[in-house]
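Subject: Structure handover

Hi,

Here is the structure for you to look over. My notes follow below it.

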Amino acid sequence: MTTHLSVNLNKVALVRNSRGHNQPNLLQVALDCERFGAQGITVHPRPDQRHVRYDDLAILKENIATELNIEGNPTPDFIEVVLAVKPAQVTLVPDAPEALTSNAGWDTIKHADFLKEVIAKFKAAGIRTSIFVDPIIDMVEGAKATGTDRIELYTEAYASQFSEDKEAAIAPYYAAAVAAEKCGLGLNAGHDLNLDNLRFFQQRIPQLLEVSIGHALICDALYLGLETTIKRYLTESHSKDPA
Ligand SMILES: CC(=O)[C@@H](O)[C@H](O)COP(=O)(O)O
Ligand SMILES: NCC(=O)COP(=O)(O)O
């Protein structure tokens, strides 16, 4: 099983919005990412629509060839637009509206009833569901009870500890991945993954179905170009050579 690379285009939309025109063209970048080998496109429309907007979603879904993964906090507006667009996957993230970026996974025990209700709606519409969780066994097992198809492990803690002690950094994620497999949950991961830490992560987490990567990838593309960058991330997400 190879880990799929889903490219998050939030930061492309951020640049587009900064001048009020359609440059860079978000759909064109998505199509080019696929042409360069990306195996999915991820977008995370936030309530303030600071980057990806709700009206970006349908045109992406209608025109890309790979999977569209829409991430976000399941507000009524978010639920409505995702049910209308019907992406391949929806990833539920418990972000506060004013959050600078995603900064925590769900408390799947405290919010079990809410998550069960929302997940049931998306699954009834034929949308694969994933929920954003920290690498905590209780939260992974709580995710199972919500009926979600997959979880996405929030990898900020791994990324911030990686350079100091990569064995310590990966340990909770390995344990969470084992727990997810025992629960029959599919496994995704994302947040702050980059060209330095991706290979080690995917080699130590063999169950990994998908990584969604945006911020570091777009920053790298400023220096390397988008095609070279995506091919580098594909190599890192598939390589069996020692990290
Ligand atoms: C959930 C997560 O970590 C990312 O999907 C998120 O999209 C990052 O959001 P920003 O690009 O707004 O920082
Ligand atoms: N779900 C993680 C994602 O889509 C991108 O996160 P990042 O690479 O921008 O930190």
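Start with ligand 1. One of its oxygen atoms sits 2.7 Å from a side-chain N or O atom of Asn10. That is a polar contact (a pair of N or O atoms within 3.5 Å; within protein, one must be able to donate a hydrogen and the other to accept it, and residues adjacent in sequence count only if both atoms are side-chain atoms). Arg46 places a polar side-chain atom 2.9 Å from an oxygen atom of ligand 1. For Thr101, the distance from a polar side-chain atom to an oxygen atom of ligand 1 is 2.5 Å. On its own, ligand 1 has 360 Å² of accessible area, and the protein covers 90% of that. Accessible areas come from the Shrake-Rupley method with a 1.4 Å probe; for residues, only the protein chains shown count as cover.

Please note that this is a predicted model: local features need pLDDT of at least 70, side-chain atom pairs count only at pLDDT 80 or more, and totals for chains, interfaces and linings use all residues. Residues are numbered from 1 along each chain as its sequence is written, chains are lettered from A and ligands numbered from 1 in the order in which they are written, and side-chain values use heavy atoms, with hydrogens and water left out.

Which residues surround ligand 1? They are Asn8, Asn10, Lys11, His44, Arg46, His51, Glu71, Thr101, Ser102, Phe132 and His191. Each has a heavy atom within 4 Å of the ligand. By class, this shell holds 1 nonpolar, 7 polar and 3 charged residues. (Ala, Val, Leu, Ile, Met, Phe, Trp, Tyr, Cys and Pro count as nonpolar, Asp, Glu, Lys and Arg as charged, and the others, Gly among them, as polar.)

Now ligand 2. The backbone makes contacts here: a polar backbone atom of Asp192 is 2.8 Å from an oxygen atom of ligand 2. A backbone N or O atom of His215 is also 2.8 Å from an oxygen atom of ligand 2. Ser212 uses a polar side-chain atom, 2.9 Å from a nitrogen atom of the ligand. The protein covers 93% of the 310 Å² of accessible area that ligand 2 has on its own.

Where do the ligands sit? Ligand 1 takes up space in the largest pocket. On a 1 Å grid over the protein atoms alone, a pocket is an open set with protein on both sides within 12 Å along at least five of seven lines; a cavity is a set of points where a 1.4 Å probe fits but cannot get out; lining residues have an atom within 4 Å of a point.

There is 1 cavity of 30 Å³ or more. The largest cavity holds about 40 Å³. (Grid points are joined across faces, edges and corners, and a volume is the space filled by probe spheres set on the points.) Its lining includes His44, Arg46, Asn73 and Asp95.

Last, the record. UniProt (unreviewed entry) puts "binding site" at Arg46, His51 and Thr101. They spread over 56 residues of sequence but cluster in space, with a largest C-alpha distance of 11.7 Å. Of these, Arg46 is in the lining of the largest cavity. UniProt positions are given in the numbering used here, feature names are shortened, and annotations may be inferred rather than shown by experiment.

Notes
A molecule sits in a cavity or pocket if more than half of its atoms lie within 2 Å of its grid points.
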